[in-house]
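The structure is shown first.

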Amino acid sequence: MIPLETIKAQIEQAVPGARIEIVRNDSPSAQHSLLLGNEHALAVAKFTRDDPHLRLDYCSNATGIDWPDAVLKEKVKIKKVVDGTEKEVEEIVEKKRQGFLEAVYHLYSMELKHGPLIIRMRTGNRTDKAHLPSLTPIWRGAEFQEREIYDLYGIIFDGHADLRRILMWDGFQDYPMRKDYVEPDDYEYEPTPHDEVLEKTQKHYAQETKS
Amino acid sequence: MDEGLRSELSKQGIFTTTLEEIYNWGRKNSVWPLQFGLACCAIEMIASTMARYDLARFGAEIFRPSPRQADLMIVAGTVTKKMAPQVVRLYNQMPEPKYVIAMGACAISGGPFKQGYNVLKGIDRYIPVDVHIPGCPPRPEALIHSFMTLQKRIDEQRLSGNGRPRHLDPDAPSEFPVPQFGEHDLEPTKNLSVWKPPTLVRHG
């Protein structure tokens, strides 16, 4: 596989104005990925499929990720005057991050036998701006997987020909794979509840004694 | 009829029986299951009909593809909430007398998916189940055992009086309400006329 930096440069040359960022993965798998800007994502995807050096003709997997609102803690080195001398001091800076939803695609090339190239797209937020461009026009195989992402995460794919729920029923209102999903309380007696089930048990019986 | 007289008569080549006996004998030896499976348990169900386990020995080899011709529903596998209304509807379409075997951990309780949001915690929440078989999946022997249990239960039924089978009781229901898809869950989540939630036993 061509190094990610080269791919990024190639894309930026081919698709003027495309916003691309390399998302590093520091785990041993070292599967770094490209974060695409939504407005040019379709053109970039088309390029990665059609470019003779990439030919990523197979979308093996498309999935979603939910990033809820969070407070990120970052260590920052700051120069400070301590006891009259200037010193470098590490300080923890807290940053608020607004939540968003993400779609991840794993792309391979059947023709050149290489891959995967991992691309990501992010929505503006988790409520009213949960739109992403659909990549189904480029890789037909993404159709059902994008429907599944829509079903379980609530990302609306613009340009998808048939965006309906696929696993849950049509009248279902929630998005079950989101972190803040509250499942219906249909707890049933368990002889030895523990961990998460114990929490569920306590919540259920607290509700029951209230009503 | 006196048992001694009966055996004496049979030695003379005269066969005596009661209506109840011959009626139950006929019912229990031609239980035709509905041909449908929901998950991996269905594979075991298929295996038990093949030559090695040979469910045909119990008069149940003919799996009917239509609920109109079936007597027995083997709920073989995970019942998801999306599938549950269809299962109940199939059951409603079967003519009386009809029986249900809940096969495997999923069909009796939700099994390994019990804590999930999308799986029904036992088909007995909506339809009356005659025999439950535990196992994940149960072996064909277990399915055969459940068949024999069902046959025994059919054989013990009285045709009149209290406790007579449902199809001989004009007041007993033959169809059960089909749950509807709600906004967050099935509505209703259970049919209290066939299923009572287990009660919490508090110690100390």
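## Backbone geometry and chain contact

Ala30(A) is exposed, as 8 other C-beta atoms lie within 10 Å. This is a predicted model. Although Ala30(A) is not a glycine, its phi is positive, at about 50 degrees. Ala30(A) sits in the loop that runs between strand S1 (20-23) and strand S2 (33-36) of chain A.

Lys113(A), which is not glycine either, also has a positive phi, near 55 degrees. Its place is the loop between S6 and strand S7 (114-122) of chain A. Lys113(A) counts as exposed because 8 other C-beta atoms lie within 10 Å, and the cut-off for exposed is 12 or fewer.

| Peptide bond | Geometry | Omega |
|---|---|---|
| Glu96(B) to Pro97(B) | cis | near -5 degrees |
| Cys136(B) to Pro137(B) | cis | near -10 degrees |

Pro97(B) belongs to the loop between helix H4 (84-93) and strand S2 (99-103) of chain B. Pro137(B) is in the loop that links strand S3 (131-133) and helix H6 (140-155) of chain B.

How many residues does each chain bring to the contact? Chain A supplies 14 residues and chain B twelve. On the side of chain B that touches chain A, five residues are nonpolar, three are polar and four are charged.

As for confidence, chain A has an average pLDDT of 89, and 100% of its residues score at least 70. Within chain A, strand S4 (residues 70-82) has the lowest confidence, with a mean of 82. The highest is in strand S6 (residues 100-109) of chain A, at 94.

Conventions: Residues are numbered from 1 along each chain as its sequence is written. Chains are lettered from A and ligands numbered from 1 in the order in which they are written. This is a predicted model: local features need pLDDT of at least 70, side-chain atom pairs count only at pLDDT 80 or more; totals for chains, interfaces and linings use all residues. pLDDT is the predictor's confidence in each residue, from 0 to 100. Helices (H or I, at least four residues) and strands (E, at least two) are DSSP runs, numbered from the N terminus. Two residues are in contact if their C-beta atoms, placed from the backbone, lie within 7 Å. Ala, Val, Leu, Ile, Met, Phe, Trp, Tyr, Cys and Pro count as nonpolar, Asp, Glu, Lys and Arg as charged, and the others, Gly among them, as polar. A residue is buried if 20 or more other C-beta atoms lie within 10 Å of its own, exposed if 12 or fewer, and partly exposed in between; C-beta atoms are placed from the backbone.
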